[in-house]
Amino acid sequence: MTVRAWAMRTSRDSRSHRDFIFGELLEGRLRQGWGWLPEQDLAAVAARSRDPAVGYAGLSEAEKMAWGHWRLLGEASHAPGDAIRVGDTVLVPNVPENGTFTLCRVAGPYRYDVPAAIGDLGHIRPVEVLTPGGVAYTSDLVLAPLRRSLSCRSRLWSVNQYRDNLTAIAAAVASGDVARSFAQGTNHLARAQRATAERVQASVGALASAIADPLRAVLKSAEWEPVLAAALVPLMRDVEVIHTGGAGEEGADIEIHVPNPFAPESPWVVAVQLKDYEGEIHESVADQIEQAITARLDGRRGTGALVAVILAATKARPSERLSERLAILADTYGVQVSCAHGDALMRVLAKGLFSRQR
């Protein structure tokens, strides 16, 4: 039997609900909501849905609400191959706190018991808790692909493709490495440096290839921005690297200010737009590049002469149409516009991170 991994959201309507759910987990009971009436027992609902005289159409609304959790029935369900079974791992998001999760292993068959204290959460699978203190989403034990998955809003979804990461997290906690499940996670630059520290003795060319996958594993989306900004600092003398990403960025995630000896109050500016995409970058990104240019030309971004805009892509390549539009922008505004993607960007990061670690 193949062991699989799931993520299952439970109720967090109130502090008392969250505390109750976590307390029940520690007692070996994984509970789920939409179970407040005796007739919502999934075993009973399954039997009625199979009854030709009732069928799914004949179920009450309360029974249909509960039936949305049919996978909890596991081996007793109509499709055990697609259900939660003994031995599977379940990740419970936002328990014990928001921004954390608890891992547990399913240890027994489904049963139904509505707790009088709550009046809901009657669906139960017996479990063994693997991370009794919880794990922070931002822990460096939690790789970026798994963190991306945790943004899913479903009540139940498969995280089977991240099973190796979940196994490593449980093993680290079991070995006593509990502190790492919460510590060192919110500083994205520190996480990036730890992910690459063992590789910095290689040549720059080899290092750029070596660090690409580790960086992509621990960084996602806007998390790349402060890392690239920090990597640029030691590569240039007397420049100011400003992380501008976020609300009101006006098309630039990073700005590099180069001193202008003829007009110190008006530095030469290089704007960087960073994209953490897969595949091809759509031509619509050219609109952001144009916004970065016009924001400088009309003074919205303050003083300074824009001399170049760089589209930096962690993995994706610009589409042919995007490359054509970038060339048009360069001609229209008289500003150098270029793209650094894949190995070219990784070489910059490799040089900068290596310089910071010497």
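Throughout this note, a residue is called buried under 20% relative accessible area, exposed over 50%, and partly exposed in between, using a 1.4 Å probe and protein chains only. This is a predicted model, in which local features need pLDDT of at least 70 and side-chain atom pairs count only at pLDDT 80 or more, while totals for chains, interfaces and linings use all residues. Residues are numbered from 1 along each chain as its sequence is written, and side-chain values use heavy atoms, with hydrogens and water left out.

1. Let's start with a buried charge. Arg125 counts as buried at 0% relative accessibility, and forms a salt bridge with Glu75, the closest N and O atoms being 3.8 Å apart. (A salt bridge here is a side-chain nitrogen of Lys or Arg within 4 Å of a carboxyl oxygen of Asp or Glu.) Arg125 sits in strand β6 and Glu75 in the loop between α3 and β3, 50 residues apart. Helices (H or I, at least four residues) and strands (E, at least two) are DSSP runs, numbered from the N terminus. Glu75, at 40% relative accessibility, is partly exposed.

2. The count of salt bridges comes to 14. Another of interest pairs Glu223 with Arg147, with the closest N and O atoms 2.8 Å apart. Glu223 is in the loop between α7 and α8 and Arg147 in helix α4, so the pair ties together parts 76 residues apart in sequence. Glu223 is buried at 11% relative accessibility, and Arg147 is buried with a relative accessible area of 8%.

3. Within it, Arg325 and Glu283 have their closest N and O atoms 3.6 Å apart. Arg325 belongs to helix α10 (residues 320–333) and Glu283 to the loop between β12 (280–281) and α9 (285–297), so this pair joins parts 42 residues apart in sequence.

4. Now for the nonpolar cores, each a set of buried Ala, Val, Leu, Ile, Met, Phe, Trp, Tyr and Cys residues joined through side-chain atoms within 4.5 Å. The largest has 29 residues, and Leu25, Leu30, Leu42, Trp67, Val90, Val92 and Cys104 touch the most other members. Elements giving two or more residues to this core include α1 (15–26), α2 (42–50) and β3 (89–93), and α1 gives the most, with 4 residues. A second, separate core of 27 residues includes Ile211, Val227, Leu274 and Ala312.

5. Helix α8 (residues 224–232) has 8 of its 9 residues buried, so the rest of the structure largely encloses it. Among the buried ones are Trp224, Glu225 and Val227.

6. Finally, the aromatic pairs: a search of the whole structure finds 2. (Rings of Phe, Tyr and Trp, the last by its six-membered ring, pair if their centres lie within 6.5 Å; planes under 30 degrees apart count as stacked, over 60 as edge-to-face and the rest as tilted.) Trp34 and Trp36 form a tilted pair, 6.0 Å centre to centre with 50° between the planes. Trp34 is partly exposed at 34% relative accessible area, and Trp36 is partly exposed at 32%. Phe101 and Tyr137 also make a tilted pair, 6.0 Å centre to centre with 35° between the planes, and both Phe101 and Tyr137 are buried.
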